[in-house]
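Hi,

Here is the structure I promised to pass on. Have a look at it first, and my notes on what turned up follow below.

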Amino acid sequence: MSQSDAIENLFEEHRVFAPADEFTAQAVAQASIYEQATQDRLGFWAEQANKLHWHKPFTKTLNWSEAPFAKWFEDGEINVAYNCLDRNVLEGRGERVAIHFEGEPGDTQTYTYSQLTEAVKRAANVLNGLGVTKGDRVAIYLPLIPEAIISMLAVARLGAIHSVVFGGFSADSLATRIQDAGAKLVITADGGYRRGKASALKPAVDEALGTNNCPSVEHVLVVKRTEQPVEWFETTDIWWHEAMAEASPEHEAQAFEAENPLFILYTSGTTGKPKGILHTTGGYLTQAAFTHRNVFDLHPETDVYWCTADVGWITGHSYVVYGPLANGATQVIYEGTPDSPHPGRWWEIIQKYGVTILYTAPTAIRSFMKLGRSIPDQFDLSSLRLLGSVGEPINPEAWMWYREVIGGNRCPIVDTWWQTETGAIMISPLPGVTHAKPGSAQVPIPGISARVVDEHGHEVDNNHGGYLTLTEPWPSMLRGIWGDPERFVDTYWSRFEGQYFAGDGAKKDADGDIWLLGRVDDVMNVSGHRLSTTELESALVAHPWVAEAAVVGARDEVTGQAIVAFVILRQDQLEAAGADADVSRVLREHVAREIGPIAKPRQILVVSELPKTRSGKIMRRLLRDVAEDRPIGDVTTLADSGVMGAIAGKLSTGAQD
Ligand code: PRX
C-alpha cells in the first residue's frame with residue numbers, strides 16, 4: 001500500500017467512541033480544563049507545577065527571552081527524587097507499593113514507597129562516595145530491573161545527570177554515548193534475562209571502556225542479576241550489592257534550581273550521529289506528572305499501572321520513572337519479552353497484579369493480533385479500565401482489536417503523540433472527555449499548542465495534510481542538544497519561523513482532529529524505535545565489503561517500518577573473502593555489532609548502482625517503492641533512468657528473517 005492509499009484509508013475511518021458516563025463522572029480531567037488552560041496558559045502550568053514540592057517556590061513561570069532556549073520556573077528550587085520518594089512517604093504513602101517487579105524467569109520483588117526511598121538514599125550515598133556531584137554525568141546500562149529506577153533517582157537526587165543507554169545497544173553505541181556525555185560512572189549489570197536466557201551486559205561495558213576508549217569513566221558499578229561470570233577490573237569495578245550494604249540509609253535531598261539538567265537521552269536524527277537530548281528538572285517533572293495523572297486518569301489509591309516500555313527510551317523515563325512516582329502510583333515493571341516463556345505472559349501479568357491501566361506500543365498490539373485472540377482470552381483482563389498507545393501511528397484495525405479484545409469494549413484508549421524531545425505527552429485524547437477516534441491522537445493536551453502547516457508554515461484547513469509543528473514553548477521541552485546548541489536551533493526551529501518542527505506529517509480531519517502520518521524526514525520508526533537511515537548507512541559503509549549503501553524504512557505489518565538496505569559491494573574485497581561469503585548474514589551481524597540488534601536490516605539487497613539525482617542525492621523514495629514492492633514512481637529526475645529496472649529485479653535475492 002502506498003503512503004497516499006494509507007492516508008485515504010485513514011479518512012474512511014468515521015467511528016467515534018464516547019466515554020462511558022460512569023467513567024466521565026469519576027475522571028481526573030474534566031472538559032473545563034481546556035478552557036482553563038486556554039484562558040491563562042502560563043497560569044495553568046504554574047498551577048500544575050505547584051502540585052509538586054518546591055524547596056524554594058518559583059515566582060517566574062516562563063522566560064522565553066532567549067527563544068528557542070526556554071527557562072521554566074527558573075527561580076524555583078526543587079529536587080526531583082524528593083518529589084518521587086520522600087514526599088510520598090512524608091504524606092503517608094510509605095506503605096503503598098511503588099513497584100511490583102516481575103523478572104522474566106518469574107522471580108518477583110516488591111518495593112513500597114518507603115523501601116524505594118531507602119534504596120535510593122543508599123544509592124545516592126554510594127554515588128556520592130564515588131565522587132558524583134551536581135552536573136556530573138552517569139551512564140546507566142541496565143536491564144529493566146528495580147536497580148535501573150533506583151540508579152536514575154539516585155543520580156537525580158544528587159543533581160547529577162543520567163544518560164540511560166538501552167541494554168540492546170552495542171558496545172560501540174554505548175562508547176559513543178559515554179564519550180559524548182563525558183560520563184564519570186557507568187552503572188551496569190552482569191546481565192539480564194531475555195527470551196528465557198541470561199543475556200550478558202557487562203562485556204559490552206568492558207569493550208566500550210577497553211584500551212582507555214572512554215577516559216572520563218572512573219568507576220563501573222555492577223548489579224548482580226544473572227550471576228553469570230564476568231571479567232573483573234579491580235581498579236574500576238565495584239559490586240552494587242556490596243556498596244549498597246555498606247552505604248548509609250540516611251540522605252537528605254538538596255534543592256537544585258529548576259533548570260538544573262536531569263538527563264541526556266540519545267536519539268536518532270537525520271544525520272549519522274545520535275543527538276543527546278537534554279532535559280531539565282522543574283518543567284519536565286511538571287508535565288510528566290500532569291500528563292500521567294490526566295491522560296491516564298490516574299487514581300493512585302486504587303490503580304495498578306503498567307507501562308511496558310524500557311527505561312532506555314523516553315517513555316520509560318517519563319512514564320515508568322518520573323510521572324508515576326511523582327504521582328504516588330503503584331506500578332508493574334516486567335524485565336523480559338512478551339512471549340517468554342509463553343505467548344500469554346503479558347496477559348498473565350495483568351491478571352496476576354490486577355493491572356488497571358496499560359500503556360504500550362502499536363507494534364506489540366499488532367504482533368498479538370497476529371497470534372490471535374485465543375491467547376488473551378485465556379486470561380482475566382477485567383481489571384483493565386484504560387488503555388494507552390505510543391511510539392508510532394496506530395492503525396484503526398489494531399486500535400479496534402486493542403479496544404475489543406484487550407479492553408473488553410469498555411476501556412477508553414488514549415493514543416498519545418510525543419517525542420524524546422517533547423519529554424512528555426503533547427497530543428492525546430483525555431479519556432473522560434474526548435470522543436475517541438480509532439487511529440487519531442486527536443487534540444493537543446491542555447496548555448499545548450500544535451498546528452498542521454503547509455510548506456510555508458501556514459496552518460492548513462480541516463481535511464488537509466501537512467507538517468506537525470508546536471507553536472508555544474511547553475514545560476517539558478528539550479532544552480537543547482548536549483554540547484551542540486546550534487544543532488538544536490537548526491534541527492527543530494529553522495524550517496518554520498518561530499515554530500518547533502517535529503519531523504512528522506499529519507492531517508486534520510473535518511473536526512480539526514489530528515491524525516499522525518509518520519515521519520517526513522530520514523528517520524525510520526521500527527517497532528516504535530527511532531533509527532536514522534544515515535546512521536545505518538554509515539554503519540554499513542564502515543564494513544570493508546561495502547562501497548555504498550542506501551537505507552530505507554519499508555512499511556511492515558507488525559513493526560510499522562522495517563529496515564531495507566541497498567548495498568553496492570567492493571568486488572575485490574568480496575573475492576578476497578571467498579566466493580561463498582554470506583553477504584546478508586555478515587552485514588546484518590555487522591550492523592548489530594555497530595549499533596545494536598534493533599538496527600539489523602530485515603533485508604539486504606545487493607545492487608550495482610543506486611538511483612541518484614544529477615546532483616548525486618540518493619532518491620530514497622524510489623528505493624522505498626522497490627522495498628514495498630509497488631510500481632516505481634517518477635524517475636525523471638534520475639541521472640540514469642535505467643538504474644531502477646536493474647534494482648527492482650534484485651528484490652527476490654534479499655535476505656529475510
Ligand atoms: O513519528 C513520531 C512517533 O515517534 C516519534 C518520536 O519517537 P521517540 O522520540 O523515540 O519517542 C517515542 C515515544 C514517545 C515521533 O516523531 N510517534 C510517537 N508517538 C506517536 C507517534 N506517531 C504517531 N502516533 C503516536 N501516538
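One aromatic cluster brings together Trp64, Phe69, Trp474, Phe488, Tyr492, Trp493 and Tyr500. Please keep in mind that this is a predicted model.

The count of aromatic pairs comes to 33. One of them joins Phe263 and Tyr284 edge-to-face, with 5.1 Å from centre to centre and 85 degrees between the planes. This pair links distant parts of the chain: Phe263 belongs to strand S14 (residues 261-267) and Tyr284 to helix H12 (residues 282-295), 21 residues apart.

Because Tyr319 sits in helix H13 (residues 314-326) and Trp418 in the loop between strand S20 (413-416) and strand S21 (450-453), the pair ties together parts that are 99 residues apart in sequence. Tyr319 is buried, with a relative accessible area of 0%, while Trp418 has 9% relative accessibility and also counts as buried.

Two arginines lie over ring faces. Arg177 is over the face of Phe169, 4.4 Å from the ring centre, and Arg495 is over the face of Phe501, at 5.1 Å from the ring centre.

Now to the helices. Helix H7 (residues 113-129) has 17 residues, and from its first C-alpha to its last it reaches 24 Å, close to the 24 Å expected at 1.5 Å a residue. Which residues of H7 are buried? They are Tyr113, Leu116, Thr117, Ala119, Val120, Lys121, Ala123, Ala124, Val126 and Leu127. In an α-helix there are 3.6 residues a turn, so residues three or four places apart point the same way. After H7 comes Gly131, which has a positive phi near 90 degrees.

I also noted how helix H3 (residues 32-39) packs with helix H4 (residues 41-49): the angle is about 115 degrees and the axes are 5 Å apart. From H3, the contact is made by Ile33, Gln36, Ala37, Thr38 and Gln39, and from H4 by Arg41, Phe44 and Glu47. By type, the residues of this contact divide into three nonpolar, three polar and two charged.

Happy to go through any of this with you.

Best wishes

Notes:
Residues numbered from 1 in each chain as written. Predicted model: local features only at pLDDT ≥ 70, side-chain atom pairs only at ≥ 80, totals over all residues. Heavy atoms only, no water. Phe/Tyr/Trp six-rings, centres within 6.5 Å; stacked < 30°, edge-to-face > 60°. Helix = DSSP H or I, 4+ residues; strand = E, 2+ residues; numbered from the N terminus. Buried < 20%, exposed > 50% of the residue type's maximum accessible area, 1.4 Å probe, protein only. Lys NZ or Arg CZ within 6 Å of the ring centre and 35° of its normal. Expected span 1.5 Å × (residues − 1). Axes fitted to C-alpha atoms, helices over the stretch in contact; angles between N-to-C directions. Contact = heavy atoms within 4.5 Å. Nonpolar A, V, L, I, M, F, W, Y, C, P; charged D, E, K, R; others polar.
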